[in-house]
Amino acid sequence: MLQRVISLTVRDVRFQTSLEQHGSDAMHTDPDYSAAYVVIDTDCGLKGFGLTFTVGKGTEIVVRAVDALAGLVVGKSLQEIVSDFRGFYRLLTSDGQMRWLGPEKGVIHLATAAVLNAVWDLWARAEVFITCADCFFRLPEDQMLKEGYPAYTTSCAWLGYPDQQLKQLCTDALEGGWTKFKVKVGADLEDDIRRCRLIRQMIGPNNTLMIDANQRWDVDEAISWVSRLSEFKPLWIEEPTSPDDILGHAAISKALAPLGIGVATGEQCANRVMFKQFLQASALQFVQIDSCRLGSVNENLAVLLMAHKFKVPVCPHAGGVGLCELVQHLILFDYICVSASLSDRMCEYVDHLHEHFVNPVVIQDAHYMPPKDPGYSCEMLESSVQRHQYPEGEAWKAAHEQMTKA
Ligand SMILES: C[C@H](O)[C@@H](O)CC(=O)C(=O)O
Ligand SMILES: [Mg+2]
């Protein structure tokens with residue numbers, strides 16, 4: 001058997017996280033964590049699973065874009081794809097008609113990520129990857145297997161959580177061994193001061209605090225707002241302004257450097273070309289790769305290598321459904337094969353929706369433990385997919401009934 005792709009299906013899967021304000025921030029006030037979920041079937045029965053993350057409405061558009069790309073995958077053998085993976089990446093991103101929709105940005109790029117994530121999953125399952133036995137790689141690999149990769153949590157302080165909930169979640173997290181916490185900011189300065197003070201008091205002076213504005217400000221506003229929050233000693237301000245404003249990020253970085261606050265960004269950085277310029281312009285101090293925003297492993301590897309060249313630490317974004325599952329592979333690769341450093345490095349963790357995955361992430365003592373199962377870890381439970389498929393799944397039918405009654 002050639003492991004030839006015989007079909008590619010995609011479904012719109014949504015979770016009602018907005019009901020309890022999970023995932024909320026200054027710009028995304030009611031996110032329903034969602035995914036365009038892809039399954040690739042091959043003629044030998046082997047499957048590949050992939051997804052791209054969205055926040056609710058519009059997932060159907062990503063689904064249509066995946067459908068549009070499917071014709072470029074179906075009929076190809078896995079061997080044909082991986083023997084010239086660069087060529088295959090280009091085939092998806094450079095189609096003479098579809099590239100007009102990007103190129104390599106927006107909905108079409110999210111769709112590319114979903115497809116390629118499924119191809120990487122398929123390849124990993126086919127190979128059941130055995131890592132090379134080189135001594136240098138062995139050492140970091142053994143360390144990861146023993147200790148895991150350091151993580152930080154965002155789940156205590158989504159913007160829509162009331163203070164009481166924030167306190168409780170923070171208490172639980174401290175008991176669970178968490179030492180690094182991210183707080184959403186950006187909608188109201190007085191609120192931010194109160195919330196940051198509360199968290200800083202709870203976590204003490206030695207634990208790490210990060211703040212995330214999700215692009216809420218213009219450049220000057222970002223500088224003055226974050227200066228007001230500097231007393232809480234955040235390590236970084238994340239997405240202070242438009243994700244496309246590279247020189248704006250550079251200006252913010254320069255202004256905040258004397259306060260000891262770095263700029264982090266990447267979850268909405270469209271592609272490797274943008275990252276290249278962010279790095280060239282010293283516009284960020286923490287690179288936040290995203291497993292679904294960039295064109296899958298292929299493009300993320302390029303960014304990991306560039307970050308290494310510029311000596312900027314990589315701290316991946318994972319706030320979404322399935323992102324922790326995916327990104328753990330990338331950050332382990334970064335440590336084992338590229339950076340071999342944990343200095344100023346950590347991977348985001350959010351404590352939502354892992355129960356819907358066949359091989360959910362394993363967190364121990366605030367560290368990601370390396371996944372043991374073959375593949376890219378984003379296969380979802382079929383029962384979950386069916387229940388949360390939009391709009392026909394039982395979860396959505398029930399929600400719709402409730403809304404019509406009210
Ligand atoms: C809408 C998402 O939850 C976003 O707030 C995630 C994010 O910015 C992060 O995890 O960082
Ligand atoms: Mg963020």
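**Figure 1. The salt bridge between domain 1 and domain 2.** In this predicted model, one salt bridge is counted between domain 1 and domain 2, a salt bridge being a side-chain nitrogen of Lys or Arg within 4 Å of a carboxyl oxygen of Asp or Glu. The side chains of Arg272 and Glu104 meet in a salt bridge, with 2.5 Å from N to O. Domain 1 covers residues 5-129 and domain 2 covers residues 135-369; these bounds come from an automatic or database domain assignment. Residues are numbered from 1 along each chain as its sequence is written, while chains are lettered from A and ligands numbered from 1 in the order in which they are written. Local features need pLDDT of at least 70, side-chain atom pairs count only at pLDDT 80 or more, and totals for chains, interfaces and linings use all residues, with side-chain values based on heavy atoms and with hydrogens and water left out.

**Figure 2. The interface of domain 1 and domain 2.** The centres of the two domains, taken over C-alpha atoms, are separated by 24 Å. Domain 1 brings 28 residues to the contact and domain 2 brings 35 residues, where contact means heavy atoms within 4.5 Å. About 2600 Å² is buried between the domains, and carbon and sulfur atoms give 63% of this area. Buried area is the accessible area (1.4 Å probe) that two parts lose on being put together, summed over both. Phe15, Ala26 and Tyr33 supply 21% of the area that domain 1 buries against domain 2, more than any other three residues.

**Figure 3. Polar contacts and the elements of domain 1 at the interface.** Across the interface, 14 residue pairs are in polar contact, both residues being at pLDDT 80 or more. A polar contact is a pair of N or O atoms within 3.5 Å; within protein, one must be able to donate a hydrogen and the other to accept it, and residues adjacent in sequence count only if both atoms are side-chain atoms. On the side of domain 1 that touches domain 2, at least two residues each come from β2 (34-42), β3 (47-54), α3 (85-93) and α4 (106-127). Helices (H or I, at least four residues) and strands (E, at least two) are DSSP runs, numbered from the N terminus. Helix α4 gives the most to this side, with six residues.

**Figure 4. The loop between α3 and α4.** Pro103 is placed in this loop, and a cis peptide bond with omega of about -15 degrees joins Gly102 and Pro103. Glu104 is found in the loop as well. Although Glu104 is not a glycine, its phi is positive, at about 55 degrees. Most residues other than glycine have a negative phi, and most peptide bonds are trans.

**Figure 5. The surroundings of His329.** His329 is placed in helix α12 (residues 323-339). Leaving aside residues up to four places away in sequence, His329 touches Pro371, Gly375, Tyr376 and Ser377. With Ser377 there is a polar contact between the two side chains, at 2.7 Å.

Figure 6. The structure holds 17 salt bridges. In one of them, the side chains of Glu382 and Arg11 meet at 2.9 Å, N to O. Glu382 lies in helix α13 (residues 382-388) and Arg11 in strand β1 (residues 5-14), so the pair ties together parts that are 371 residues apart in sequence.
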